[in-house]
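Please open the model in your viewer and keep the selection tool at hand. The stops below go from interfaces between chains to single side chains.

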Amino acid sequence: MDKSLSALTAFHITGERLAGELDDVGRLDLRPALFGAYRDLSKLRHDFPLVLVNGDAGGGFVRSLSGVVDEILSDIAPHGIAGERLRQHVLKLEQEARSLAAGGEARSLGEIWDDAGRRLTAKTDAAALPQLEESLAQAREGLRFDGETVACDGELPVKFVTHAWTLDKRQRTQRLRDKLDDLTLTLSNILHTDVDNVEEAQGAEKLKRSMGKALEDEFDFDAMSRLLRTAPTGETLPEARRRRLNSVLTVFKSQRFLPPAENSRKRGRRKEPYGFVFDSCEEVLEAIQKRRPEMAKLVKAVAIAELEVANRYDESKHDQFFSHFSHHHLHVEDFALFPPYLVRLHGDSAVAAERTALWQVLSSGLPIKVLVQYDDVLGGDMLGPERLTANIKGPQLAAMALGLGNVFVVQTSSAYLFRLRDSIATGLASDGPALFSLFSGAPPGNAAASNNSPNVAPYLKAAAATESRAFPGYVHDPEAGGDWASRFHLETNSQPDADWPMRDFHYQDAGLQRNATETAFTFIDFVACDRRYANRFARVPQSSWHDGMIPVKEFLDLDAESAASKVPYIWMIDERDALCRAIVEDSLVSAARQCRDMWHSLQELAGINNSHAQALLAGEREIWQKEKEQELEALRGQLEAAAAAPAAPSAAPVAETPGAAAVETPSAAPAEVPDEAVEAGPVEEPYIETPRCTTCNECTELNDRMFAYNDEMQAYILDPDAGSYRQMVEAAEACQVAIIHPGKPRNSTETGLSDLEARAADFN
Amino acid sequence: MSTQILDETRQPAEDVTNADSSASRADKSRSASRDKDAVILEEHIVEVISDSGEGAQRCGQSFGSIAARMGNGIWTVEIIPAEIQPPARSIAGASGIRIRLASRRVTNGGDEADLIVAFNEQVLLKRVRDNELKPGCIVLIENKWRHDQDAGIAASYAATIDKLIADGHGVHEIPMEEECLRYVDNAKRGKNMFVLGMLSAIYSLDLEAARNQVAFAFAKKSSAVVESNIKLLNAGHEWALENLDMCFRIPPSDVHEPQIVVNGNVSLGLGLMASGMEICAMYPITPATSASHYLSDVFHNVGGAVHQAEDEIAACAFAIGASYAGKCAATITSGPGFALKQETIGLAVMAEIPLVVINVQRGGPSTGLPTKAEQGDLLFACFGGHGDTPNVVMAAADIEDCFYSVIAARKIAETFNTVVVVLTDASLASAQQPYPRPKIDTDWLAPPINQNAVPEGAKPYDWDATTGLANRFIPGQPNGMHCLTGLAHDRMSRVAYEPDINEEGMRSRSLKLAALQKTLKTPLVYGGDEGDMLIVGWGSTKGAIEEAVDRLRADGHKVSSLHLKFLQPMASGIGDVLKRFKRVLTVESNWSDSLDDTIIDEENRRYSELAWLLRARYLVDIDCWSEVRGQPLKPGVIATAIREKLHQKGK
Amino acid sequence: MTMDAAAPHCLLGMFDEDYTLDDYKGAEPRWCVGCGDSAILAAVQRLCRDEQLAPEKTVFVSGIGCSSRFPHYMHTYGFHGLHGRALPVAEGIKLQRPDLHVFVITGDGDCCSIGTAHWIHAIRYNMDMTVLVLDNGIYGLTKNQASPTSPLGLKSNTTPQGTVLEPINPISVTLGIRNASFVAQAVDWIPELVHDIVDAAFQHKGLSFVRVLQRCPEYLDGRYDAWVKDPGKMLLLNHENGIQTSPALASVYKNHEIHDPADRNRAREIASTSDPIPVGVLYRNQSIPCYENPRGPDRLYTPDVVKGVLEKELDRFTIQAVGGGGD
């Protein structure tokens with residue numbers, strides 16, 4: 001080992017900076033080289049800011065600004081020069097809007113849009129102004145919805161998930177309200193119908209009211225009342241049923257799971273409706289526990305109402321069942337009737353404090369949706385290398401939730417939240433628990449960690465966390481299929497097949513030569529954006545570069561022996577985008593290795609490089625090939641046989657049919673004919689191809705003890721001895737679809753047998 | 001001119017000339033100043049006549065509404081040309097409206113016009129030929145034709161004016177178009193608002209109310225349209241004040257409760273909704289269709305639907321299907337369509353399915369007079385079915401009745417499980433008359449569809465021996481499954497050809513009419529309880545007949561009238577009423593032979609429809625007077641006819 | 001929190017009893033012995049049983065004719081109305097009560113002659129119902145008159161010299177109407193397919209038009225003998241979006257075509273062939289809107305709501321007399 005390498009190796013292994021030129025990157029304000037392209041995010045067309053769409057404007061509950069702009073342009077911008085100008089104007093507007101939205105204040109898209117328009121016009125000279133204004137007016141016209149804009153910051157996860165949850169809740173609430181309204185009306189109608197049947201309805205006063213003013217003088221309502229009372233009236237409701245209906249209606253009216261309807265007049269008198277958003281798992285469990293008796297009441301009332309509406313309530317069966325029904329009988333499925341619960345937890349401490357309750361929530365099977373937001377993936381207090389991996393908190397919780405099997409899990413960082421919007425919505429809409437493990441990328445609240453990456457935007461930080469597999473994104477939908485590969489998806493990560501995503505990397509060397517290479521974005525690159533770990537890196541001046549320095553990715557791929565003579569480095573850049581290499585301490589390398597191992601297990605779950613699946617696949621392929629070969633063989637044989645034998649008669653009896661008939665009609669046992677007999681040639685026993693029977697009554701008219709209909713109203717031979725062979729043959733002849741096969745005579749003493757047998761031959 | 005009503009508190013008129021240019025202030029002061037000269041009238045009949053498309057009807061309806069708002073009783077009658085786009089300036093093309101306004105409730109269109117506004121002399125001639133002008137009628141006519149480039153037109157105009165003057169009418173030639181062109185580019189549209197302004201001035205109507213009415217009438221149009229129309233209204237008003245030396249005032253009636261102003265067809269539509277019916281099936285036919293237009297606009301708001309079927313038969317079958325499966329449904333039609341529906345109506349009677357059939361009668365037979373009024377379907381409505389088809393027949397006597405008849409019809413149809421035919425006619429269809437705003441009662445609404453289980457063993461036609469009534473089973477009711485059929489059937493709805501069963505079914509269906517009849521009260525006689533002559537009428541002629549009776553009684557004749565709303569069954573006690581009068585005469589708008597015709601005598605005379613019906617039932621020698629001129633009967637004409645009848649007797 | 005007790009819905013489901021074929025049998029059929037109607041009745045009863053249709057929620061509507069007696073033989077609600085008018089009655093029922101299962105049973109005379117206008121327009125309305133045309137090519141109930149689908153040259157009581165008019169092809173006509181959403185053909189002598197096709201028709205949301213060719217042993221005996229006797233003269237249309245013939249049946253009826261019911265042009269070609277007789281779903285389009293959907297938006301029309309609407313309507317026409325006259 002030469003001298004220059006040994007200095008590097010020493011740093012790598014011990015963290016000692018033996019040579020003065022190994023600079024601590026923390027003081028140099030370096031960042032991973034691949035960040036070079038993302039200095040000013042407001043110039044970049046990316047997902048952010050997002051718009052949380054008000055109401056149901058179509059196109060989803062959340063939209064990206066650039067998506068909105070693209071859609072408007074595709075609607076309004078014509079092809080050609082005019083369209084191009086319009087496009088340019090609107091794209092400028094988008095840029096203004098993006099930088100305005102980064103301001104942090106919560107504002108609606110409409111406000112920002114208009115502000116951006118004003119800014120843009122202020123900047124534009126008078127000559128170009130009319131055209132710009134026209135474009136802007138057109139674009140504004142095209143903007144058909146509004147909603148709050150959100151940037152990629154610390155508030156994003158809560159706002160995003162809460163917004164999606166609110167929409168889902170609104171739908172479910174509406175569903176429940178519709179259901180209750182509908183049932184209420186129908187039950188009231190039943191009670192009302194009854195009123196029409198009772199005596200008051202036929203009272204003179206009521207009759208008079210029901211006719212209307214102009215014809216009042218035409219009728220003698222007393223006479224009408226007398227007359228109608230003598231005429232037959234409908235049945236009145238039994239008292240028990242009336243009470244039951246009324247008590248159901250009372251439950252519907254007093255329930256607290258829905259906010260009072262907007263047109264409800266007696267708002268003040270009702271109890272406060274229940275809330276469904278919580279900041280602690282313990283509280284949500286407690287609330288549900290308290291509400292269960294009320295839930296049970298409502299579930300029961302709905303069940304009774306539905307039975308009543310369908311006229312299926314049977315007191316002898318249902319009374320007992322419902323009298324025993326209490327909240328102990330509530331089933332997980334019953335929760336689908338109610339709005340879903342949302343719990344919002346922030347950071348490690350909240351998770352730690354609630355470990356037990358959180359676990360209970362996730363394993364309850366109930367529609368409780370848990371949002372856990374992380375601002376710090378790596379953890380703060382770095383004392384030793386082993387602590388680093390242990391502190392990768394987010395992935396741990398979500399991975400454990402995966403282990404429960406029936407939890408809907410979405411993990412992602414803010415940067416990819418928009419792309420996973422549909423999965424978030426699916427998770428919220430699912431009937432079971434869901435966990436949304438989200439990394440914000442924003443500076444954490446506590447002061448110690450808040451300064452950890454001052455020069456990296458939350459969006460980049462979040463993207464880097466996922467890109468580097470430090471906080472991999474995934475979706476687990478327990479309803480999506482029978483195996484892990486169909487339930488579990490890693491697609492949100494770049495290059496999910498690879499250990500690390502590989503990126504093209506262009507730079508100019510000292511000789512101003514353009515160079516292109518590929519470089520991986522690894523866990524270590526992610527750690528490199530975090531100031532707290534700056535001392536684990538050392539910048540190596542170009543003069544000290546050594547052949548033993550290899551990129552981290554390659555280093556990680558080496559076995560221990562080969563690695564011994566190498567030192568891993570990553571590319572970094574400084575403020576002026578000057579490129580440098582930073583070598584890495586071994587503690588980080590082992591952390592990266594562990595991160596990669598975790599990633600591998602996720603890949604296996606998703607069916608990527610899955611050893612088990614690969615073996616299975618190979619086996620299946622072999623079986624398939626064998627089958628194909630056999631089929632081919634069989635075909636060859638058939639072709640040869642066909643060439644040899646004469647053509648088969650077109651209306652040959654069907655091999656399967658007699659058997660099938662016998663199975664469906666056990667009483668037709670005498671008619672059963674062994675399969676071989678059919679195939680062997682003319683039949684001995686009489687039978688009917690029952691499934692082809694057209695129920696035309698010919699045979700049953702002839703002799704209904706011999707022929708009968710089965711449960712499907714199709715004929716079979718009930719008793720071949722219940723009549724003569726002559727009748728059997730005549731039935732065969734009369735049968736419209738010629739499915740009666742008379743077989744051989746069963747009684748040899750019958751007269752004219754030879755003639756009959758000749759006639760029967762056509763049908764056997 | 002003088003006036004009996006002097007308002008001492010009014011400001012002196014000199015304000016007007018001052019600089020105060022506030023329009024309303026000026027209007028008010030000016031009309032106040034004119035008001036003192038206004039002639040106080042009991043009533044007036046005004047007509048506005050134009051080529052079709054010139055907006056005379058809108059003008060007249062607005063005029064009527066303003067007058068109604070001012071507290072006058074009104075009745076408007078549309079004057080409809082037979083063709084959709086008749087040529088301009090043609091006698092056949094006369095299109096317009098009559099507005100009768102009075103200081104009491106008005107029940108019919110009255111006799112001849114007191115004042116007529118014409119947009120050209122040809123359409124005016126039509127009214128002259130029809131004898132619709134009162135002697136000395138005030139005529140306001142567009143004068144632009146006098147100088148028309150077409151010498152023929154100019155000559156025709158001049159000749160007409162000369163003749164009118166010679167006949168003693170008060171002709172005022174008015175530069176309508178010339179005036180309008182000062183405000184708008186196209187006077188063809190908008191002249192009507194100028195006329196409305198003139199009429200408002202002539203009849204001392206509140207200009208502010210007129211402006212509101214114009215804004216309401218054009219509510220669906222842009223504000224520019226409203227503005228330009230109001231400008232023309234103001235102009236017409238101004239012009240009349242400046243140039244016309246006439247001013248009338250018809251004091252308000254003492255009605256103070258809120259009224260609604262609708263025509264008969266809209267009234268039917270409102271009644272349909274108020275009855276709780278939810279389905280109305282129809283096929284386009286004049287003059288019934290406009291009821292469906294109104295319904296189509298609003299029916300969905302109460303969960304209802306208008307179904308425009310492929311033909312009249314389908315419309316009725318559709319309504320029957322809907323009724324069978326739930327709440328009673330309705331179908332609206334007119335004579336020819338009603339004929340096509342007869343087979344299906346028979347089915348509904350046979351199967352005892354409630355159904356409301358509204359027949360807005362028109363002139364017949366065949367295509368007849370599609371836009372004109374006639375009461376020709378009475379016997380057909382009672383006896384139109386093949387075999388014995390006892391169905392109920394009602395007739396609406398006025399616009400208000402159109403509303404309430406439908407509510408009653410629904411109730412009767414569902415109570416008695418039968419078909420109720422409601423007869424109105426073309427003269428009610430488009431006539432407007434204010435009536436007290438209905439106080440909606442949810443008891444009018446059809447009850448919810450019964451879906452409760454039918455008791456085990458109950459029969460779908462378990463006819464009550466006395467009333468013939470049975471409960472109806474509706475699909476969805478457990479245990480109620482049966483196959484309804486138009487064939488003769490027994491109580492289980494099984495097809496049965498046995499003689500006894502057939503007679504039992506016939507009897508039961510017939511008994512239901514008898515049962516309904518037992519609930520009907522003898523209608524009140526209008527006039528005196530007994531006397532020389534009783535006029536019997538039905539349907540839309542009520543107002544005209546009663547007005548005629550009033551006039552005759554004022555002259556000392558012992559004449560009374562009886563108006564029937566139920567024609568089948570007929571209330572008990574009618575026979576007794578008939579006997580209290582020396583003579584009975586029906587007055588109707590359908591054909592009857594005249595004994596003046598040489599070959600007509602008592603043995604071959606064909607009577608008008610109600611007369612046939614009453615003669616058959618009450619064995620009373622009932623005479624009839626009828627007219628089939630396609631227009632509403634006039635009280636004056638009726639009074640004259642009765643006078644003649646009384647006179648004949650005297651001979 | 002353990003929640004393993006059963007939900008009430010599961011338990012309640014256990015209380016429901018299954019309907020059997022007998023639950024759908026009404027009056028004893030009185031069709032001629034050998035009549036194809038019987039096969040169709042049995043197939044439809046099997047369908048009701050298989051779909052477990054609540055008898056009280058099911059309505060069979062018919063017109064007049066042999067086939068129109070069908071509703072009497074079902075133990076459901078039935079409406080045996082007027083000649084030719086079954087369809088408008090059924091439409092009224094469906095508009096009033098979208099919750100009911102509506103079947104229309106009609107014949108060649110009922111549907112294609114006296115009721116032609118209703119047939120064409122029923123296809124246009126595309127209301128959700130199943131229409132079976134039991135087409136035997138003859139007027140049977142009125143005793144042997146030529147019908148619009150009688151074969152050319154048929155001698156009958158009204159055409160003793162033989163008919164001179166080409167018959168109408170009901171499925172070709174139906175396919176010619178733009179709104180047609182389901183068109184199928186079955187034959188009574190393959191009852192399994194009658195069942196399967198009617199099932200597909202029943203599942204279809206919209207008006208499903210099924211023509212069932214049917215033998216009349218009384219007046220048109222032997223009309224279809226050639227096809228009954230020779231399964232090779234039948235053409236079975238198979239498709240995953242139509243029906244799939246069972247292996248047993250496929251081994252008897254070997255003449256198959258894979259026909260995608262989305263292909264209207266091919267459907268028209270198939271419809272126009274009469275030999276072999278095509279059997280199966282010719283055309284199906286789920287995207288055609290149903291007429292009954294426009295009614296009743298998501299509101300509950302309680303008496304109070306209706307009253308509110310009416311008050312609003314009356315407001316439109318109300319005048320309050322100002323009384324003073326001129327002020």
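Select chain C and chain B together: between them they bury about 5,600 Å², 63% of it on carbon and sulfur atoms. Buried area here is the accessible area (1.4 Å probe) that two parts lose on being put together, summed over both. On the side of chain C, pick out C:Tyr77, C:Phe317 and C:Ile319, which lose the most area to chain B, together 14% of what that side buries. The contact draws 53 residues from chain C and 77 residues from chain B, where contact means heavy atoms within 4.5 Å.

Before going further, note that this is a predicted model, in which local features need pLDDT of at least 70 and side-chain atom pairs count only at pLDDT 80 or more, while totals for chains, interfaces and linings use all residues. Residues are numbered from 1 along each chain as its sequence is written, chains are lettered from A and ligands numbered from 1 in the order in which they are written, and side-chain values use heavy atoms, with hydrogens and water left out.

Next, display the charged pairs between chain C and chain B; the count is two salt bridges. A salt bridge is a side-chain nitrogen of Lys or Arg within 4 Å of a carboxyl oxygen of Asp or Glu. Select C:Asp315 and B:Arg437, whose side chains form a salt bridge at 2.6 Å, N to O. Across the interface of chain C and chain B, 25 residue pairs are in polar contact (both at pLDDT 80 or more). A polar contact is a pair of N or O atoms within 3.5 Å; within protein, one must be able to donate a hydrogen and the other to accept it, and residues adjacent in sequence count only if both atoms are side-chain atoms.

Which elements of chain C supply at least two residues each of the side that touches chain B? They are β2 (77-80), α3 (86-96), α5 (116-125), α11 (303-317) and β12 (318-319) of chain C. Helices (H or I, at least four residues) and strands (E, at least two) are DSSP runs, numbered from the N terminus. Colour α11(C), which gives the most to the side of chain C that touches chain B, with 11 residues.

Now move to chain A and chain C, which bury about 3,600 Å² between them, 60% of it on carbon and sulfur atoms. Here 47 residues of chain A meet 43 residues of chain C. The count between chain A and chain C is three salt bridges; one to select is A:Glu712 with C:Arg46, with the closest N and O atoms 3.9 Å apart. Nine residue pairs across the interface of chain A and chain C are in polar contact (both at pLDDT 80 or more). The elements that give two or more residues to the side of chain A that touches chain C are α7 (156-197), α11 (281-309), α12 (315-324) and α29 (698-702) of chain A. From α11(A) comes the largest share of that side, eight residues.

Stay in chain A and select A:Arg45 and A:Glu94, whose side chains meet in a salt bridge (2.6 Å, N to O). A:Arg45 is in the loop between β2 (31-32) and β3 (50-53) of chain A, and A:Glu94 is in helix α4 (residues 81-101) of chain A, 49 residues apart. A:Arg45 is partly exposed at 42% relative accessibility, whereas A:Glu94 is buried at 2%. Buried means under 20% relative accessible area, exposed over 50%, partly exposed in between (1.4 Å probe, protein chains only).

Then select A:Glu96 and A:Lys123, a salt bridge at 2.0 Å, N to O. A:Glu96 lies in helix α4 of chain A and A:Lys123 in helix α5 (residues 109-123) of chain A, so the pair ties together parts that are 27 residues apart in sequence.

Turn to chain B and select B:Phe63, in helix α2 (residues 56-69) of chain B. B:Phe63 is buried, at 0% relative accessibility. Leaving aside neighbours within four places in sequence, B:Phe63 is in contact with B:Val46, B:Ile99, B:Leu101, B:Leu196, B:Leu199, B:Tyr203 and B:Leu205.

Finally, select the cysteines: the structure holds zero disulfides over all chains, a disulfide being a pair of cysteine sulfur atoms within 2.5 Å. For A:Cys735, the nearest cysteine sulfur, that of A:Cys696, is 5.9 Å away.
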